[in-house]
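Here is a quick tour of one protein chain, put together for someone new to reading structures. Have the picture open while you go through the points.

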Amino acid sequence: MNNAENPLIPTGWEFLVTGISAALIILLVVAVVRLARSQAVAAAERLGLLLFCLVVPLLGPVLTLALLRHRDQRVVSPADKSSAARSSTARRARR
């Protein structure tokens, strides 16, 4: 009998490459969805970040997610805006 490996059964490194590829695709999808939903990025910058994600496979989505996280923390939420408006109204009333 022939003792060669079956070419139809994937080897360990093929599973590893498939897993890494799947992780990169999931990371890209998460970054693109997060980019599409973000209110903190202008349209031109959004296009640039999208192209960066597509051109640079690992670094692009990771840096995009980090940038969006940083910008979303800086954006004031609507609840914070209304409480700030109430406090400024109260300060004006005291004057």
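T64 has a relative accessibility of 0%, and anything under 20% counts as buried, so T64 is buried. Keep in mind that this is a predicted model. T64 sits in helix α3, and that helix is a handy place to start exploring the rest of the chain.

**T64 and its contacts**

- Which residues does T64 touch, once neighbours within four places in sequence are set aside? They are L35, L49, F52 and C53.
- Skipping residues up to four places away in sequence, L49 touches L35, V41, T64 and L67.
- L49 and V32 are 17 residues apart along the chain, and their C-alpha atoms are separated by 8.9 Å.

- Helix α3 covers residues 59-74, which makes 16 residues.
- Why does its length make sense? At 1.5 Å a residue, α3 should span 22 Å, and its end C-alpha atoms are 23 Å apart, so the two values agree.
- The buried residues of α3 are G60, P61, T64, L65 and L68.
- Looking down the axis of α3, you'd find these buried residues within an arc of 125 degrees, so they line one face of the helix.
- Over on the other side of α3, you'll find R69, Q73 and R74 exposed.
- What do the buried residues of α3 pack against? Their partners are α1 (12-37) and α2 (43-55).

**How α3 meets α1**

- For α1 and α3, the angle is about 30 degrees and the axes are 9 Å apart.
- The crossing of this pair, α1 and α3, is left-handed.
- From α1, the residues taking part are L27, L28, V30, A31, R34 and L35.
- They meet P61, V62, T64, L65, L68, R69 and D72 of α3.

**How α3 meets α2**

- The axes of α2 and α3 cross at roughly 145 degrees and come within 7 Å.
- On the α2 side, the contact uses E45, L49, F52 and C53.
- On the α3 side, it uses L59, G60, P61, L63, T64, L67 and R71.
- This contact of α2 with α3 splits into seven nonpolar, two polar and two charged residues.

**A buried loop residue**

- Between α1 and α2 there is a loop, and S38 lies in it.
- Is S38 buried or exposed? Its relative accessible area is 5%, below the cut-off of 20%, so S38 is buried.
- Leaving out neighbours within four places in sequence, S38 is in contact with R46, L68 and D72.
- S38 and R69 are 31 residues apart in sequence, while their C-alpha atoms are 9.5 Å apart in space.

**The whole chain**

- Stepping back, the chain has four helices and zero strands.
- Reading along the sequence, you get the pattern α-α-α-α.
- How much of the chain is buried? Of its 95 residues, 13% count as buried.
- Among contacts in the chain with a separation of 6 or more, 59% are between residues 24 or more positions apart.

Terms used. Residues numbered from 1 in each chain as written. Predicted model: local features only at pLDDT ≥ 70, side-chain atom pairs only at ≥ 80, totals over all residues. Heavy atoms only, no water. Helix = DSSP H or I, 4+ residues; strand = E, 2+ residues; numbered from the N terminus. Expected span 1.5 Å × (residues − 1). Buried < 20%, exposed > 50% of the residue type's maximum accessible area, 1.4 Å probe, protein only. Arc of directions from axis to C-beta. Contact = heavy atoms within 4.5 Å. Axes fitted to C-alpha atoms, helices over the stretch in contact; angles between N-to-C directions. Left-handed = near helix turned anticlockwise from the far one by under 90°. Nonpolar A, V, L, I, M, F, W, Y, C, P; charged D, E, K, R; others polar.
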